[in-house]
Amino acid sequence: MTSNRSGSSAGPRALRTVAPPAPHGTVLPTALRRTKEVVAAFEQVQESPQRVVRRPLGEFTLTAYAVSERSTGKRPSSPDFGITYSGTRAQVGRTVAVDPRVIPIGTPLYIEGIGIRLAEDIGGAVKGHHIDILVPSDDIALRFGVKRHVAVYALSPSPDS
C-alpha cells in the first residue's frame, strides 16, 4: 500500500501522477511543442472513429488521477497547474498519462471500456504498460481503482480517408 505526501493511505496504488516541472523558460522538445497538431489529430479521430486504423498495443493496467494537488503534487497557484507534459491543458475525457517509452506523447488511443483518449501526460508512477486516466476528482480516481489486462489500441487516420 502506498501513501500520499500527507502520509494517509491512498489505497492499492499511488494516487500521485507528477509530470516533472520544466524550469521556467525551458523549451520542450520539438515533438512536445506540436500541441495544436496533436489535439487536432485527436479531434479528427474522435469525429470519425469509423475512419481510423487501430493498432493493438497490448494489455495495460489502468489507474486514474485528477487535476488536484493530491494527485499531481502541484498547487493550484502554480503556473503549470493543470498543464500536461505535452504543454496542453489537461481535459477530462481526453487526457491520459503514459510511459512515453511505450506510448509516444501525442498518440490518440482507444482504451477498452473507456473510449478514445490522447496520450498527453506522464507520471512518476506511470511505467511500462500502465495508463493513468484523467477523471474529474480525487474521489472518482480512488473509486476507479486498478483495472488490469485492458486492451489498448493506437489510432491513426485511415490511409484511404
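## An aromatic pair

Two rings of Phe, Tyr or Trp count as a pair if their centres lie within 6.5 Å. In this predicted model, that rule gives one aromatic pair. Its members are Tyr110 and Tyr153, with ring centres 6.4 Å apart. Their planes meet at 40°, so the pair is tilted; planes under 30 degrees apart would count as stacked, and over 60 as edge-to-face.

## Charges over rings

The charged end of Arg54 sits over its ring, 4.0 Å from the centre. Another such case involves Phe144: Lys147 lies over the face of that ring, at 4.3 Å from its centre.

## Strand β3 and its neighbours

β3 pairs with β6 in the antiparallel sense, over three bridges. Ile111 has Val152 as its bridge partner in β6.

β3 also runs antiparallel to strand β4, residues 115–121, and four bridges join them. Here Ile111 stands opposite Gly115. The β3 and β4 hairpin has three residues between its strands. Gly113 takes a positive phi near 80° in this hairpin.

## Ala151

Ala151 is placed in strand β6. Is Ala151 buried or partly exposed? Its relative accessibility is 22%, so Ala151 counts as partly exposed; buried would require under 20%.

Beyond its neighbours within four places in sequence, Ala151 contacts Gly58, Tyr110, Ile111 and Glu112. From Ala151 to Tyr110 the C-alpha distance is 8.5 Å, while 41 residues separate them in sequence.

## The nonpolar cores

In soluble globular proteins, nonpolar side chains tend to be buried together. The largest nonpolar core in this model has 20 residues. Val98, Ile103, Leu109, Ile111, Ile131 and Ile133 touch the most other members. Elements giving two or more residues to this core are β1 (52–65), β3, β5 (130–134), α3 (138–144) and β6. The largest share, four residues, comes from β1.

What does Ile103 touch, leaving out residues up to four places away in sequence? Its contacts are Leu57, Phe60, Val98, Leu109, Ala119 and Ile131. Another core, of eight residues, lies apart from the largest one. Among its members are Phe42, Val45, Val52 and Ile116.

How values were computed: Residues numbered from 1 in each chain as written. Predicted model: local features only at pLDDT ≥ 70, side-chain atom pairs only at ≥ 80, totals over all residues. Heavy atoms only, no water. Phe/Tyr/Trp six-rings, centres within 6.5 Å; stacked < 30°, edge-to-face > 60°. Lys NZ or Arg CZ within 6 Å of the ring centre and 35° of its normal. Buried < 20%, exposed > 50% of the residue type's maximum accessible area, 1.4 Å probe, protein only. Contact = heavy atoms within 4.5 Å. Pairing = 2+ DSSP bridges. Core = buried A, V, L, I, M, F, W, Y, C linked by side-chain atoms within 4.5 Å.
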